[in-house]
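Subject: Structure for your review

Dear colleague,

Please find the structure below, followed by an account of what was found in it.

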There are 2 protein chains.
Amino acid sequence: MLRVSSGRILSQVRVAMPHSTYVLRQLSTTGVCQTFEPSDKLGLQDVNENVLKAKYAVRGRIPQRAEELKRQLADKPSSLPFSKIINANIGNPQQLDQKPLTFYRQVLSLLQNPDMVSQVPREKLTQIYAPDAVDRAKRMLDDIGGSVGAYSHSQGVQGFRETVAEFISKRDGVPASANDIFLTAGASAAVANILSILCRGKETGVLIPIPQYPLYTATLALNDSHALAYYLDEESNWSTDPEQIEHVVKDAQAKGITPTCLVVINPGNPTGAILSVEAIEKIFSVAAKHGIVVIADEVYQENVFHGAKFHSMKQVLRNLQKRYPGKYDNVQLASLHSTSKGVSGECGQRGGYMELVGFSDEIKQVFLKLASISLCPVVTGQALVDLMVCPPQKGEDSYEQDQNERTSIHDALDQRSSLLYETFQRLEGISCQKPQGAMYLFPRLELPQKAIQKAHELNIEPDEFYCQELLEETGICTVPGSGFGQVPGTYHLRTTFLAPGTEWIKAWEEFHKKFYHKYHD
Amino acid sequence: MLRVSSGRILSQVRVAMPHSTYVLRQLSTTGVCQTFEPSDKLGLQDVNENVLKAKYAVRGRIPQRAEELKRQLADKPSSLPFSKIINANIGNPQQLDQKPLTFYRQVLSLLQNPDMVSQVPREKLTQIYAPDAVDRAKRMLDDIGGSVGAYSHSQGVQGFRETVAEFISKRDGVPASANDIFLTAGASAAVANILSILCRGKETGVLIPIPQYPLYTATLALNDSHALAYYLDEESNWSTDPEQIEHVVKDAQAKGITPTCLVVINPGNPTGAILSVEAIEKIFSVAAKHGIVVIADEVYQENVFHGAKFHSMKQVLRNLQKRYPGKYDNVQLASLHSTSKGVSGECGQRGGYMELVGFSDEIKQVFLKLASISLCPVVTGQALVDLMVCPPQKGEDSYEQDQNERTSIHDALDQRSSLLYETFQRLEGISCQKPQGAMYLFPRLELPQKAIQKAHELNIEPDEFYCQELLEETGICTVPGSGFGQVPGTYHLRTTFLAPGTEWIKAWEEFHKKFYHKYHD
């Protein structure tokens with residue numbers, strides 16, 4: 001038979017071999033060769049430079065230092081001026097004692113144990129599980145085909161996608177289709193796939209808000225494409241400026257860069273702000289005019305406080321399309337949601353979905369192919385999406401408890417955001433927009449010159465210096481504004497308001513006063 | 001305050017803005033603009049060409065046709081010559097009625113419901129759950145920090161990584177460290193991360209066995225790097241030829257391409273073969289000499305049949321390093337394992353691990369940073385890895401049942417692989433190497449000229465034509481050899497032996513005879 005050995009390079013398209021010449025060769029029978037000189041190991045110079053360039057501050061230097069301090073506290077509990085680390089750097093509610101919703105977890109527990117569902121008598125099972133949780137688990141096991149341990153369709157379980165489409169239809173008052181829904185491993189996986197498909201290296205630019213969630217710049221760096229900054233206006237509670245966006249688009253085009261996508265994070269991360277209908281409409285005008293895909297990161301749509309109102313970008317788009325026939329039909333929108341935030345807070349379960357609105361079938365096929373290469377999103381995470389978008393309904397056994405749990409989580413976040421906001425309000429050298437949504441405050445720091453000078457001596461950003469001192473003195477871990485982007489010369493930090501209790505807020509207040517006193521000009 | 005609008009392009013490294021000039025501008029207050037002409041929607045010409053190039057045959061044309069037929073059967077059960085689709089195209093055991101291991105699922109069920117673990121009295125809980133499952137769940141909840149719904153460390157839960165390190169130490173008889181273990185969402189996520197880090201576009205080549213699992217060529221296409229083919233030798237049960245590998249390395253170097261990694265799939269996918277210690281040693285010789293990273297895809301290490309023996313690449317490497325001091329110290333090995341295969345078969349749970357052997361700390365930091373951008377692998381999948389590498393031990397409540405379940409799954413696969421192999425042995429025009437491991441047979445088809453001609457008329461590969469006819473006649477879905485790569489002019493297909501029962505094997509036999517009769521020269 002034919003055997004080949006020439007060092008030909010496979011076409012990257014086809015696995016099958018192109019027809020060319022082959023050399024017959026016997027399998028070597030010689031022993032292990034010891035005559036060679038071993039080569040060097042890999043160094044950073046051998047690594048993909050796009051990966052080296054990518055930065056992700058949410059798990060950057062300050063949080064890494066917090067991990068060290070956590071280990072130190074475990075070894076020597078009284079060696080530091082505080083007794084525990086407050087991880088206010090990341091929206092990870094269940095790390096900070098937010099309890100999971102009981103109904104979700106009962107269903108997930110049953111899904112993991114289908115034998116129990118089918119074999120344990122109902123009266124015994126319902127001593128431990130709510131009856132509606134048992135029924136729901138049965139329906140979902142049917143949707144899945146019997147086991148969460150089997151690969152699902154790469155786009156996600158059909159039945160779950162139908163539940164998502166129903167949720168969107170109800171939320172927006174306009175139809176949605178399961179065919180347009182892709183279930184994903186959290187919103188991060190959706191962002192990775194969208195940008196991987198729509199970035200064509202250096203010829204592509206993606207408009208991102210500044211400040212932004214650093215997933216976007218990191219993913220763009222991985223794709224070797226340009227992050228085109230459009231600034232949010234702090235004074236008008238971090239709103240968008242369509243003229244500025246238009247200007248960024250034209251400027252990029254003039255440089256030979258195609259602005260392919262525009263990212264909107266609403267409610268905002270790190271800003272905690274919510275966009276008005278008018279602001280969203282103006283974004284769509286730019287998108288329609290220039291054929292730019294809008295990526296709507298709407299993972300905080302449940303986290304809305306103090307009477308603010310969330311408007312989904314899809315709803316605003318459909319209204320525009322109705323009001324101005326033909327003008328907005330070309331708009332392509334990818335809207336993302338996640339089980340990690342809201343009152344679910346199930347970060348570790350990696351559930352999410354993406355709705356593709358207005359994309360052609362051939363482009364949707366590309367999304368499906370890319371999803372198929374990583375086989376399928378985790379099936380329990382998919383199940384959690386189904387639960388999130390269709391919680392217990394009025395009249396069902398778990399309804400009341402579920403509602404109580406939701407209200408209590410929501411109210412606690414609402415109160416804590418106010419408390420933190422009010423604390424910042426009364427402190428010198430710190431100002432903060434009123435919180436409306438998400439899980440974050442993004443206060444602005446007016447740092448004393450001496451503190452800025454000290455930071456420069458340490459060769460770090462001034463806001464990083466503040467965050468570092470805050471961590472070392474109080475154990476509160478935050479992320480400097482420089483990790484999200486900010487108008488040069490301004491300094492911020494991002495903090496969650498997830499940590500329970502009020503003592504840490506008091507500790508922060510004390511630290512802040514001391515810091516300002518120490519570095520006062 | 002300062003507000004900016006110039007369309008500056010963000011550096012991909014830094015989120016913070018470079019200092020340059022800014023234009024002050026007021027937020028626009030004009031209404032939605034209707035005077036523009038909408039642009040076109042995206043077409044394939046706007047998509048990243050690397051994504052377009054990537055192919056993944058396991059979920060390609062034939063499996064897609066199978067999905068259509070499945071829907072047709074659901075609508076009109078008697079409209080086809082068969083009553084159900086046999087998905088022999090993908091190693092998805094639980095889709096084909098392989099039951100999950102009871103102990104795993106009991107623990108996972110408890111992990112999802114921590115209130116139950118802490119609040120339901122033990123005597124009530126142990127009416128439904130095995131006592132050792134309850135104890136294990138408690139230990140694991142401690143490891144996690146209380147909830148599977150919190151993000152874990154991006155590298156994976158420390159306690160679980162320690163369990164993995166213990167497993168590897170025992171398996172290989174040499175030490176392993178939790179610091180070198182990265183928990184991953186299945187092995188596919190590990191492959192994506194490794195290649196993303198070690199590929200530097202067109203200057204990089206990665207040696208892959210042909211035939212290969214198409215994840216590798218697909219991921220290389222996404223990274224715009226070269227797949228350098230080295231052929232497995234079918235006659236010697238798909239073994240490797242170190243001289244040929246050396247030749248491929250030198251040939252690539254001569255073309256200015258750096259061969260950075262070499263992929264070994266052992267037990268083999270799609271071949272089902274197992275490499276000898278000698279074959280592995282010779283691979284390491286080439287790796288040491290040229291400083292090539294070895295990627296050991298060892299996800300089928302539990303799937304070993306008919307008295308064959310699996311040798312881990314790490315163990316072979318450590319032995320070489322002991323025998324030849326200094327000669328192999330430069331070798332860098334990434335070894336992958338997964339909860340999707342073996343007797344676990346938990347594909348939908350997305351669990352896996354990667355052990356990095358011999359990598360420098362700075363490179364491991366790059367792996368950690370990339371992992372942190374996608375936050376963390378699903379925590380229940382991480383828990384499943386812990387369970388897989390540390391199942392119930394002798395003397396524990398669940399030991400006997402667990403052992404029985406394992407034996408029965410293993411024996412059923414063993415028997416079915418033999419039955420399928422023997423069937424192929426007695427058929428004209430089909431030959432097959434003796435199965436040793438994994439979940440697949442990769443028989444070779446000697447297709448009649450008329451069948452080849454017919455395929456050319458249809459503009460498809462001849463083995464794709466055979467697979468298509470097999471599907472349309474019997475409902476058995478397989479993947480053509482052309483999807484994995486093969487010596488040009490040879491034809492194969494990959495089939496799993498996971499489907500229960502023997503009727504489908506009989507149906508295949510009948511189809512094959514008819515096909516050969518019809519197209520006989």
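**Backbone exceptions**

R350(A) is buried, with a relative accessible area of 5%. Please note from the outset that this is a predicted model. The place of R350(A) is the loop that runs between strand 8 and strand 9 (352-357) of chain A. Although R350(A) is a residue other than glycine, its phi is positive, near 55°.

D97(A) is not a glycine either, and its phi is also positive, at about 75°. This residue belongs to the loop between strand 2 (86-87) and helix 3 (102-111) of chain A. D97(A) is exposed, its relative accessible area being 61%.

The bond joining N266(B) and P267(B) is cis, with omega about -10°. A cis peptide bond also joins N269(B) and P270(B), where omega is about 15°. P267(B) is found in the loop between strand 6 (258-265) and helix 11 (277-290) of chain B, and P270(B) lies in the loop between strand 6 and helix 11 of chain B. As background, most residues other than glycine have a negative phi, and most peptide bonds are trans.

**Relation of the two chains**

**Aromatic rings and charges over them**

Over all chains, the structure holds 34 aromatic pairs. One of them is formed by Y328(A) and F36(B): the ring centres are 5.8 Å apart and the planes stand at 80°, so the pair is edge-to-face. Y328(A) lies in the loop between helix 12 (313-323) and strand 8 (333-338) of chain A, and F36(B) in the loop between strand 1 (9-10) and helix 1 (49-53) of chain B, so the pair joins two chains. Both Y328(A) and F36(B) are buried.

W238(B) and F442(B) form an edge-to-face aromatic pair, with 5.6 Å from centre to centre and 65° between the planes. This pair links distant parts of the chain, 204 residues apart. W238(B) lies in the loop between strand 5 (226-231) and helix 10 (242-254) of chain B, whereas F442(B) lies in the loop between strand 11 (440-441) and strand 12 (444-445) of chain B. W238(B) and F442(B) are both buried.

In chain A, one aromatic cluster is made up of F465(A), Y466(A), F511(A), F515(A), Y516(A) and Y519(A).

K327(B) lies over the face of F36(A), at 5.4 Å from the ring centre. R494(B) lies over the face of Y440(B), at 3.9 Å from the ring centre.

**A buried aspartate**

Is D224(A) buried or exposed? Its relative accessibility is 17%, and the cut-off for buried is under 20%, so D224(A) counts as buried. The residue is placed in the loop between helix 9 (215-222) and strand 5 (226-231) of chain A. Its side chain makes a polar contact with the side chain of K53(A) at 3.3 Å. The side chain of D224(A) also makes a polar contact with the side chain of K202(A), at 2.9 Å.

**Buried elements of chain B**

In a regular strand the side chains alternate between the two faces of the sheet. In strand 3 (residues 181-184) of chain B, I181(B) and L183(B) point one way and F182(B) and T184(B) the other way, and all are buried. Strand 3 of chain B is joined by 4 bridges to strand 9 (residues 352-357) of chain B, and the two run antiparallel. Opposite I181(B) stands E355(B), in strand 9 of chain B.

Helix 14 (residues 379-389) of chain B has 11 of its 11 residues buried, so it is largely enclosed by the rest of the structure.

With kind regards

How values were computed
Residues numbered from 1 in each chain as written. Chains lettered and ligands numbered in written order. Predicted model: local features only at pLDDT ≥ 70, side-chain atom pairs only at ≥ 80, totals over all residues. Heavy atoms only, no water. Buried < 20%, exposed > 50% of the residue type's maximum accessible area, 1.4 Å probe, protein only. Pairing = 2+ DSSP bridges. Phe/Tyr/Trp six-rings, centres within 6.5 Å; stacked < 30°, edge-to-face > 60°. Lys NZ or Arg CZ within 6 Å of the ring centre and 35° of its normal. Polar contact = N/O pair within 3.5 Å; in protein donor to acceptor, adjacent residues only side chain to side chain.
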